[in-house]
Amino acid sequence: MEGSLWNLPAGLRGDYAAARPDFTLPQRWGDYAEADHATWRTLHARQARLLPQHAAIAYRSGLAQLDFAGGIPDFALTSSRLRAATGWTLVAVPGLIPDAAFFSHLAARRFPVTRWIRRPEELDYVVEPDIFHDAFGHVPLLTQPDFADFLEAYGRLGETAARLGALKPLARLYWHMVEFGLIREAGQIRAYGAGILSSSAETVHATTSRTPRRLRFEPRRVLRSEYFIDDLQPTYFVLDSYAELFAAMPRLPALLAEARDAPPIPPGAAAPEDQPVS
């Protein structure tokens with residue numbers, strides 16, 4: 001999830017002074033230096049080597065449609081391809097944005113993408129999500145209709161969660177199922193989450209390591225499950241299809257209120273209802 005509903009962390013890198021009231025700003029693709037494109041190409045090449053073994057089919061198909069290998073993508077060109085596939089567009093933002101703005105964009109099928117790219121010394125880890133995380137990690141799956149429908153519904157649910165005082169459980173759903181989601185394909189575990197596929201270490205850890213716990217997707221469990229923001233995840237949730245996410249949406253208002261009042265489950269901890277996936 002993006003920032004807090006009421007305030008943003010201090011010291012954020014983006015140019016917030018240039019942002020419009022909805023926190024968008026022009027991408028200004030021509031302003032990227034060749035060094036910025038070189039950083040993108042380095043990151044892209046490193047992750048692309050891992051995709052055939054570790055990434056979900058829909059993610060790989062979407063990435064192939066978007067032609068991201070040559071350098072930082074032009075949001076206008078990418079948006080034209082997304083509109084044709086699922087009706088989504090990209091909007092440039094300075095970085096983390098408040099939840100209310102984030103939900104509003106998703107509900108209108110606009111995906112916020114951070115404008116700036118990490119520095120060369122930050123190839124392995126960057127504190128804030130940058131354009132590589134947002135575009136390479138998230139955007140390919142926006143070509144998948146079931147997932148695209150889920151994200152729109154998620155954005156519409158934000159206002160309900162805020163009214164219920166249940167933004168924290170809603171953020172857990174985004175973290176586990178958008179940033180760090182796995183899917184089972186032909187008996188194999190594959191990654192589709194942006195936080196996994198924009199990180200070489202997390203890609204291998206999430207799909208092949210024996211260390212983490214992989215659990216069958218169950219919304220009630222996900223909404224109560226805490227996570228690490230600065231370490232490899234100890235627990236992942238596994239779908240059988242992206243349609244499961246959208247199908248769960250009608251139940252979520254009641255489950256959000258329930259999760260708001262229930263004790264959270266610490267990262268990596270077990271729960272009685274867990275359904276391990278081998």
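What follows is a chat about helices, rings and backbone angles.

Q: What kind of model is it, and how are residues numbered?
A: This is a predicted model, in which local features need pLDDT of at least 70 and side-chain atom pairs count only at pLDDT 80 or more, while totals for chains, interfaces and linings use all residues. Residues are numbered from 1 along each chain as its sequence is written, and side-chain values use heavy atoms, with hydrogens and water left out.

Q: OK, helix α3. Which of its residues are buried?
A: Ala 58, Tyr 59, Gly 62, Leu 63 and Leu 66 are the buried residues of α3, which spans residues 57-66. Buried means under 20% relative accessible area, exposed over 50%, and partly exposed in between (1.4 Å probe, protein chains only). Helices (H or I, at least four residues) and strands (E, at least two) are DSSP runs, numbered from the N terminus.

Q: Where do those buried residues sit around the axis of α3?
A: They line one face of the helix, because seen down the axis they fall within an arc of 135°. The arc is that of the directions from the helix axis to the C-beta atoms. On the other side of α3, Ile 57 and Ala 64 are exposed.

Q: What do the buried residues of α3 pack against?
A: They pack against α1, α2 (51-54), α4 (75-85), α6 (131-138), β3 (182-185) and α9 (194-197). Contact here means heavy atoms within 4.5 Å.

Q: And Thr 39, buried or exposed?
A: Thr 39 counts as buried because its relative accessibility is 8%. Thr 39 lies in α1 (residues 34-48). Leaving aside residues up to four places away in sequence, Thr 39 touches Ile 117, Arg 118, Pro 120 and Leu 123.

Q: Switching to rings. How many aromatic pairs are there in the whole structure?
A: A search finds 15. Rings of Phe, Tyr and Trp (its six-membered ring) pair if their centres lie within 6.5 Å; planes under 30 degrees apart count as stacked, over 60 as edge-to-face and the rest as tilted.

Q: Why is the pair Phe 147 and Phe 150 tilted?
A: The planes of Phe 147 and Phe 150 are at 50°, so the pair is tilted, with ring centres 6.0 Å apart. Both lie in helix α7 (residues 145-164), three residues apart, about one turn of the helix. Both Phe 147 and Phe 150 are buried.

Q: What does Phe 246 touch?
A: Not counting residues up to four places away in sequence, Phe 246 touches Asp 146, Asp 149, Phe 150 and Ala 153. Phe 246 is in helix α12 (residues 243-248), and it counts as partly exposed because its relative accessibility is 39%. The C-alpha atoms of Phe 246 and Phe 147 are separated by 7.4 Å, and the two residues are 99 apart along the chain.

Q: Which ring does the charged end of Arg 13 sit over?
A: The ring of Trp 116, 4.4 Å from its centre. A charge sits over a ring if NZ of Lys or CZ of Arg is within 6 Å of the ring centre and within 35 degrees of the ring normal. Arg 115 lies over the face of Tyr 32, at 4.8 Å from the ring centre.

Q: Last one: where is Ala 186?
A: Ala 186 is in the loop between β3 and β4 (188-191). Its phi is positive, about 50°, although Ala 186 is not a glycine.
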